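This briefing goes through one protein model by topic. Please keep the sequence and the structure open while reading.

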Amino acid sequence: MAGAWGGTEAALAQNPPPAAPQRAVKPKAPAAAPAAAAAAQPAAPAPHTGAPHTGAAASAGELVARVGGRDVSSSEIRTFLAAVGPDQRAALARDPALLNQTLRAMFARQLILKEAADKKWQEQPAIAAQLAKLREEAIVETYLQSVSAPPENYPDEAEIQKAYDANKGALVMPRRFHLAQIYVALAEGSDSAAEEKAKAKVADIQAKLKQPKADFAQIAKDTTDQRDLADKGGDLGWLPEPQLVPEIKTRVMGMTVNAVSEPIKLADGYHIVKLIETKPSETMALADVRDTLVQRLRAQRAELNRRAYVARVLEQNPPAVNEIALSRIAGELTQSAGAAR
């Protein structure tokens, strides 16, 4: 899909993306380091700063850890994990090491919070002022969200259909290719010995593929260096045309279904690609984008409601502004900006 969505209020600022396939035929980059993922976690529950817990934690669930003199139960961990997004939970479920690192980051936050509380850090004037400002902002923001929320029944089916019709041009699914590949790694800048070894492996794979009744999937499983796809026979799934790397796209566009390409040399090594199936470009059905349309329309209406509410508050309670004093402040800002340069 391409382009902004135009039209009336039913038109939207962004086009809803289709379900994202694997982006390219190159091997996927390594997953983010556990420490980096842990840094993105939401704030952990505030620690208890009183006496260590024993029976209370036990009654709340199985003991998982003891942190700073208190027990952390399984129910507390589940509550913490329930607060993270579904994609993040899925990543944690797949990677026990990442889950461990994430929980350690949570425990570290609890220990730091306890240490800061013991030192009455929050009572320092500068910190207290920051906390007061954050509290005010949270109150204003959550209140505005409450008064700006559209009715539960918005949008109705007619409005959804109107938005769909107005934006059909941006709801085009590009041509897609179902591909599989055999990948032979060769890092850019490798020495001649590594290059010769890779070429020999590619030649051996080609010979196997040219055998009568050659099974591409089995050969991929036995030989590909893209081990995360080996059990799938090198199957890359469906890839939209714009997401194919140019060298692969050029080759695939001229292939027939079930054809296998000659080795394609890229910076990371050799790629032998099989075209399994293609799907033409098509406009997505309303059923496929309905949820996204509803979210966009509700977000747009909430923003309009928010602006109208703020304008009404100012109209009903117009502030009396000392323009002379305000002009002095503006002049001070101009001077400080000039000094900063």
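Which residue stands opposite Asp235 in β5? Ala180 stands there. The model is predicted, so local features need pLDDT of at least 70 and side-chain atom pairs pLDDT 80 or more, while totals for chains, interfaces and linings use all residues. Residues are numbered from 1 along each chain as its sequence is written, and side-chain values use heavy atoms, without hydrogens and water.

**Overall**
- The protein has 12 helices and 8 strands (DSSP runs numbered from the N terminus: H or I of at least four residues for helices, E of at least two for strands).
- Of its 341 residues, 28% count as buried (buried is under 20% relative accessible area, exposed over 50%, partly exposed in between, with a 1.4 Å probe and protein chains only).
- Among contacts with a separation of 6 or more, 69% join residues 24 or more positions apart (contact means heavy atoms within 4.5 Å).
- The accessible surface is about 21300 Å², and 56% of it belongs to carbon and sulfur atoms (Shrake-Rupley method, 1.4 Å probe; for residues, only the protein chains shown count as cover).

**The sheet and its helices**
- An open, antiparallel sheet holds 4 strands in the order β5-β4-β7-β6 (strands pair if DSSP finds at least two bridges between them).
- Its edge strands, β5 (235-240) and β6, each pair on one side only.
- Neighbouring strands of this sheet are turned by 40° against each other on average, direction ignored (axes are lines fitted to C-alpha atoms, for helices over the stretch in contact; angles run from 0 to 180 degrees between N-to-C directions).
- Helix α9 (216-223) packs on the sheet, touches β4 and β7 (269-279), and makes about 40° with the direction of β4.
- Strand β4 (176-185) pairs with β5 over 5 bridges in the antiparallel sense.
- Helix α10 lies across β4, β6 and β7, at about 165° to β6.

- Ser261 is in the loop between α10 (246-253) and β6 (264-266).
- Ser261 counts as buried because its relative accessible area is 8%.
- Leaving out residues up to four places away in sequence, Ser261 touches Arg251, Met255, His271, Ile272 and Val273.
- Gln206, in helix α8 (192-209), counts as buried because its relative accessibility is 19%.
- With the sequence limit of four places again applied, Gln206 touches Glu262, Pro263 and Ile272.
- Gln206 and Pro263 are 57 residues apart in sequence, and their C-alpha atoms are 8.3 Å apart.
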